[in-house]
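Open the model in your viewer and keep the selection tool ready. We will go from stop to stop.

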Amino acid sequence: MTHETYTNPVLNADWSDPDVIRVGDDFYLTASSFGRVPGLPLLHSRDLVNWTLVGHALQRLEPEAEFTAPRHDCGVWAPALRYHDERFWIFWGDPDQGIFQVNAPEIRGPWTRPHLLKEGKGLIDPCPLWDDDHDEAYLVHAWARSRAGIKNRLTGHRMHPDGTTLLDDGKVIVDADRIPGWFTLEGPKLHLHDGWFWILAPAGGVETGWQGAFRSRGFFGPYEEKVVLEQGDTDVNGPHQGAWVSTPSGEDWFLHFQQRGAYGRLVHLQPMRWDGGGTSRSSEAENGGGWPVIGDAGAPVAVHRKPDLPPQPTAAPATDDDFPGGRYGRQWQWTANPHDGWATHHSGDGLRLTCVRTADTHDLRRLPNLLTQRLPATPVAVEVELRLHSEEAGARAGLAVLGDTYSWIGLQRGADGTVMFVHRFAEPGTVGTPPAPPGQWESERDAGEPCPAPSGRVSLRIEIGTGARCRFRYDLGDGPRPSGQIFAATPWRWVGALLGLFALAPVGTGHAGAAGFTRFRITSLH
């Protein structure tokens, strides 16, 4: 009998720090969204291979005053998604604020406003657990040394079953400084199975780490540990941090990320079994709990038999957009909490972005009104049609590839009223180790020769090849032309490079006009 196979990664873009649950026949995934809005993406699948984006659980980042300007690597870190008491729950850590949770009766909402469960610096990667048999609830979290001065340990709390209050001051339940060779233990996911408390947690760093498993008969320990997934002889670096999920037939699977430079953290699906043989149910009973074996004997697989689930049509999160009625699709996120009027609705198709006045026209990394989506991790061409509807000198709009460095192509109105095609780029900061803090970023410079665009229209195209190397092209109506040199996209510190649309104008008074974007397309170059 032949089985259909899948090829990793199953999500070939930056769906960072994934967590997955099953409710009935449906699987749901959420991921880190950092400083982008809306946050906490919600993906749905019926087979763990084909995923679609169905919404977001967080419409605005809080406290709102902290996210009026971009904070690209801050905000929502490593959420945990759970289903309990007929509600969906998401817990996450903001490294500068503390541990939050939201919940909803349905995956599409309505979601509650964020509730601050534990205030403090450096509290990250929380995960709850409800032990309904004993009417108990628990929470485990990790620490960010950049804020708290400590890391490599996990702290556990008893929690009120309603998820609103912690019932103690917390206790270190795993101190990885005491485990030889272990460092940067974080991202714990907490499970209770066959009488054992399990913590699945990565260690060893984002790019080169491994997946650990910890088990104990009691929540507060003591725990014993084992490495259950590592790179081995494969080309999948740092295969760790993710979710254990079971199918209705009893198969176990594990989803994790792989850090891939400018592309961010791609999601892989691994088979999972227990070292006693057979299913987790039998092996744990026979072997005092057993240990999970993930992938091919603890190394990630590239191709594997699909899960034992009904066949599903090929699907992936949307990228293309015609912007019907001026509305943008779920795949788009702002780089800070948005204001009303940044994108205006209308009766036709196409995105109409207001030219927002700003003192930061020289640096897109400072703009809150940049509308972004993830950079695909395969060679693609990104295309969009642009028209500038602004008489304001200095007004500009375009298509960007944005990270610690960036490059963009688009239109700008000059001081003499002429609309020009322009191509600009900005280098990272020159002080310290990249990525540099905002105050050390370099301002943008010309990357290509400006060219008159008398119609105020242009077709923009960026061809993104292997290694996120970008070639820029434009068409003013007389055929496509190349612009500038090859640009190698770069990530932020924790976030992959982004594709972005924007419209802006210099500081001044009155309405500065708008820019229209139509037919946004991402097509494969294979």
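**Before you start**

This is a predicted model: local features need pLDDT of at least 70, side-chain atom pairs count only at pLDDT 80 or more, and totals for chains, interfaces and linings use all residues. Residues are numbered from 1 along each chain as its sequence is written, and side-chain values use heavy atoms, with hydrogens and water left out.

**Stop 1: the largest pocket**

Select Arg 82, Tyr 83, Leu 129, His 191 and Leu 192. Of the 22 residues that line the largest pocket, these lie nearest its centre. A pocket here is an open set of points on a 1 Å grid over the protein atoms alone, with protein on both sides within 12 Å along at least five of seven lines; lining residues have an atom within 4 Å of a point. The volume is about 730 Å³. A volume is the space filled by probe spheres set on the points, with grid points joined across faces, edges and corners.

Now colour β2 (19–23), β6 (77–84), β10 (123–131), β14 (189–193) and β18 (240–246). Each supplies at least two residues of this lining. Strands are DSSP runs (E, at least two residues), numbered from the N terminus. By class, the lining has eleven nonpolar, five polar and six charged residues. Ala, Val, Leu, Ile, Met, Phe, Trp, Tyr, Cys and Pro count as nonpolar, Asp, Glu, Lys and Arg as charged, and the others, Gly among them, as polar.

**Stop 2: the second largest pocket**

Select Val 10, Leu 11, Asn 12, Ala 316 and Pro 317. They lie nearest the centre of the second largest pocket, which 29 residues line. β1 gives the largest share, three residues. The space comes to about 590 Å³. The lining divides into 17 nonpolar, ten polar and two charged residues.

**Stop 3: the cavity**

How many cavities of 30 Å³ or more does the structure hold? It holds one. A cavity is a set of points where a 1.4 Å probe fits but cannot get out. Select the lining: Leu 61, Glu 62, Phe 67, Gly 75, Val 76, Trp 92, Asp 94, Phe 100 and Pro 114. Six of these are nonpolar, one is polar and two are charged.

**Stop 4: the cores**

Select Leu 460, Leu 501, Phe 517 and Phe 520. They have the most contacts inside the largest nonpolar core, which has 49 residues. Such a core is a set of buried Ala, Val, Leu, Ile, Met, Phe, Trp, Tyr and Cys residues joined through side-chain atoms within 4.5 Å. Buried means under 20% relative accessible area (1.4 Å probe, protein chains only). Strand β27 (residues 380–389) gives this core its largest share, five residues.

Next, show Tyr 138, Ala 142, Trp 210 and Ala 426. They belong to a second, separate core of 40 residues.

**Stop 5: single residues**

Go to Val 293, in strand β21 (residues 292–294). Is Val 293 buried or exposed? It counts as buried, at 13% relative accessibility. Leaving aside neighbours within four places in sequence, Val 293 is in contact (heavy atoms within 4.5 Å) with Pro 271, Met 272, Arg 273, Asp 275 and Gly 298.

Finish at the cysteines. Cys 74 is buried at 13% relative accessible area, and Cys 451 is buried at 14%. The structure holds zero disulfides, a disulfide being a pair of cysteine sulfur atoms within 2.5 Å.

Definitions and conventions:
Buried means under 20% relative accessible area, exposed over 50%, partly exposed in between (1.4 Å probe, protein chains only). Helices (H or I, at least four residues) and strands (E, at least two) are DSSP runs, numbered from the N terminus.
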